[in-house]
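Here are my notes for your first look at this chain. Keep the sequence and the 3D view open side by side, and check each point as you read.

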Amino acid sequence: MYAEEQLTATDLCDKCEEDKATISRALTYLENHGFLTCESKNLKRYKSPIVLTEKGLEVGEKIH
């Protein structure tokens, strides 16, 4: 996610070649721990843009 400005869960499934359940669990963990946020609460989760928070960007910079 660090290399992209924003992605949807569907995009992540395609890029990571993982199923929806795996991506959903990972996104829930990262969101609950303040690493990312879902910008739109109006769209379904898999269609909503997901972006890294400041905390997520700091960690992404270290591991990128």
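1. **A term to start with.** A nonpolar core is a set of buried Ala, Val, Leu, Ile, Met, Phe, Trp, Tyr and Cys residues joined through side-chain atoms within 4.5 Å. Buried here means under 20% relative accessible area.

2. The model is predicted. Its largest nonpolar core has 8 residues in all: Leu7, Ala9, Leu12, Cys13, Ile23, Leu27, Leu36 and Ile50. Two elements give two or more residues to this core: helix 1 (9-16) and helix 2 (20-32). Helix 1 gives the most, with 3 residues.

3. **Confidence.** How far does the predictor trust the chain? The average pLDDT is 89, and 95% of the residues score at least 70. Among the elements, helix 3 (residues 54-63) has the highest mean, 95. Strand 1 (residues 36-38) has the lowest, 91.

4. **Cysteine 13.** Find this residue in helix 1. Is cysteine 13 buried or exposed? Cysteine 13 counts as buried, because its relative accessibility is 11% and the cut-off is under 20%. Leaving out residues up to four places away in sequence, cysteine 13 touches Glu18, Asp19, Lys20, Ile23 and Tyr46. For a distance check, take cysteine 13 and glutamate 31: they are 18 residues apart along the chain, and their C-alpha atoms are separated by 17 Å.

5. **Tyrosine 46.** This residue sits in the loop between strand 1 and strand 2 (50-52). Tyrosine 46 is partly exposed, at 23% relative accessible area. Which residues does tyrosine 46 touch, not counting those up to four places away in sequence? They are Thr8, Ala9, Thr10, Cys13, Lys20, Ala21 and Ser24. Lysine 20 is 26 residues from tyrosine 46 along the chain, yet their C-alpha atoms are separated by 8.7 Å.

6. **Threonine 8.** Look at the segment before helix 1 to find threonine 8. Threonine 8 counts as buried, because its relative accessibility is 15% and buried means under 20%. With neighbours within four places in sequence set aside, its contacts are Tyr46, Lys47, Ser48, Pro49 and Ile50.

7. **Helix 2 and what follows.** Helix 2 has 13 residues. From first C-alpha to last, helix 2 reaches 18 Å, close to the 18 Å expected at 1.5 Å a residue. Glycine 34 follows helix 2, and its phi is positive, near 80°.

8. **Glutamate 17.** Check the backbone here. Glutamate 17 is not a glycine, yet its phi is positive, about 55°. Where is glutamate 17? Glutamate 17 lies in the loop between helix 1 and helix 2. Glutamate 17 is exposed, with a relative accessible area of 72%.

9. **Rings.** How many aromatic pairs does a search of the whole structure find? The search finds 0.

Methods:
Residues are numbered from 1 along each chain as its sequence is written. Side-chain values use heavy atoms; hydrogens and water are left out. pLDDT is the predictor's confidence in each residue, from 0 to 100. Helices (H or I, at least four residues) and strands (E, at least two) are DSSP runs, numbered from the N terminus. Rings of Phe, Tyr and Trp (its six-membered ring) pair if their centres lie within 6.5 Å; planes under 30 degrees apart count as stacked, over 60 as edge-to-face and the rest as tilted. Buried means under 20% relative accessible area, exposed over 50%, partly exposed in between (1.4 Å probe, protein chains only). The expected span of a helix is 1.5 Å times one less than its number of residues. Contact means heavy atoms within 4.5 Å.
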